[in-house]
Structure formats: C-alpha cells, structure tokens
Amino acid sequence: MSSANITLLGAIAGFTIYLGLPIGRLRSPTPRLKAGLNAVAIGILVFLVWDVLTHAWEPVDAALSNHEWGTVASGGGTLAVGLTIGLAGLVHYDSWISRRRASADRPSGPGAAATAELAPKVRSQAGSLALMIATGIGLHNFAEGLAIGNSAAQGELSLAVLLIIGFGLHNATEGFGIVAPLAAEGERPSWLTLLWLGLIGGGPTFLGTLVGQHLVNDTLSIAFLGLAAGSILYVVIELLAVARRTGLKTLTTWCILLGLLLGFATDAVVTAAGA
C-alpha cells in the first residue's frame, strides 16, 4: 500500500468523528435526554483517559522492566509534564476564556467594536466544554495517527489498516462525546461550528499519520498522550459537576456505564490487532 493511500485512510479514520457531531443539533432535548447525553459522554471520556494513559505508560513500564533508567526518566518526565500542561493548563485557559467572555459582554468606549470582534465565537459554558473536549480528543487522535503512520513505516500494513478501522470506529463515538455538553444544555450549534469542532478533534489523526510515517519516536507520542489525558480528565471533572446538578443519579449511572462499554467495544478492534 502506498504512502498516499495510508495517509488517505488515516484521514478517513479521523473524520469519522463527524458521524456523531450532528447529535449536537437536536432541538429542545428533554431533561432526561440532556442528563443521559452528558453521562454517556462522561463514560466515553473516562474510558479515553484510561486508554490514553495505558498507551503512554507502556514504554516507561517496559523500560522499568529492563532497568533502562534513562528512558524511565525521560518518558516518565515527559508524561508528567504533559499531564500537568493538559490538566492545569486548561484550568487557566478556562479562567482566561471566562474573563474574555465577561469583557466581551460589556463592551464600551471607542474600542467596543474591536472587543466584540475579538470575543470567542463559542461563549457559553457548554460551548467551552465542547471546545475543550475536541482539543483533548485531537491530541489523543494525533497520537493515534502516529501509531498508524509508525506501523506503515515499519511495513506492518495489516496492523496499520486494522488500526485505521479501530480508530475510525472510536472516533465516531468521540464525535458524540464532543457535542454532548451542547445537546445536554439545549444549545444548537451551527453546521459551521460542528465543522470546526470536527477539524479540531479529527484532523490530528490525519496529521499524525503523515508525521508517523517519517518519525518513529516514543517520547513525542508520550508527550501528546500526556497532554490528551490531562485535558480529557479536566473535562470529565466539569461534566461530573453538570451531572450532579441534574439530580438523576440512577439514569446518570447507567448512561456512564453505557459510555464506558461503548469505549471498550470500539477499542476491541485495536486490541485484536495487537496494538
């Protein structure tokens, strides 16, 4: 299989994320549907945190078994830095977005028009969460793209194709996770917004496939996986707060379980491929 075909299939795997995004345009969802969508997203994202950290820790764990202390230090340090930036960084980013939103809501004086022009396009809390989820998933998908490209570069074409299939299925459920906060709050994003969120979340799979065919580097992969895990964990914390406010504990519990099972089901193809 040519490099161009591998890249094309990597792009397809990334952009299956658009299969779940139209759910965000549901009109007037009921309170129970809102709670259910939010909880399924939590389940999917909890699975992703586990999945990302497992893959990020594998090289470090192997180095520990072989007493390769230099690799342990570099890999473990890279993972710690990535987690810190992904988790703590989003806390500060969220604070900055909130200040920008507050400023944009009170424009005055000669610079009022410029302030309004610079205001974030997605102003609501649900919109901010959707953007953060897309960013975290995008970092995760870049690492997935690296895995696809690495496999192709090493001549393991059957593994690369199976990875594409598995990641494509996975991305379809991740698209649902991105728009769940919007659907849960009854906000109906434009098609342009969905296009943008899909590019952020799914596009990096294509980019990772391109890079991965020319660069095989565990440290780079660990760095992106760490960033992804931290950012997704932050979003899980935010969505849990939303779930608690609904007061629908039983429904939330079952839907979180459903999300977890969906995550494991879509990851099954990747596991069967030996990734």
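pLDDT is the predictor's confidence in each residue, from 0 to 100. This is a predicted model, so that score is a handy place to start. Averaged over the protein chain, pLDDT comes to 75, and 75% of the residues score at least 70.

Next come the annotated spans. The unreviewed UniProt entry lists "transmembrane region" for residues 6–23, 35–57, 69–91, 129–148, 160–182, 194–216, 222–242 and 254–274. Take residues 69–91: in the model this span is 100% helix and 0% strand, with its end C-alpha atoms 32 Å apart. Residues 222–242 are likewise 100% helix and 0% strand, and here the end C-alpha atoms lie 30 Å apart.

Helix H8 covers residues 218–246, and its length checks out: at 1.5 Å a residue, its 29 residues should span 42 Å, which agrees with the 42 Å between its end C-alpha atoms. Just past H8 comes Gly247, with a positive phi of about 75°.

Another positive phi turns up at His67, near 60°, this time in a residue other than glycine. His67 sits in the loop that links helix H2 (31–65) to helix H3 (69–104). His67 counts as exposed because its relative accessibility is 55%, and the cut-off for exposed is over 50%.

Key. Residues are numbered from 1 along each chain as its sequence is written. This is a predicted model: local features need pLDDT of at least 70, side-chain atom pairs count only at pLDDT 80 or more; totals for chains, interfaces and linings use all residues. Side-chain values use heavy atoms; hydrogens and water are left out. UniProt positions are given in the numbering used here, feature names are shortened, and annotations may be inferred rather than shown by experiment. Helices (H or I, at least four residues) and strands (E, at least two) are DSSP runs, numbered from the N terminus. The expected span of a helix is 1.5 Å times one less than its number of residues. Buried means under 20% relative accessible area, exposed over 50%, partly exposed in between (1.4 Å probe, protein chains only).
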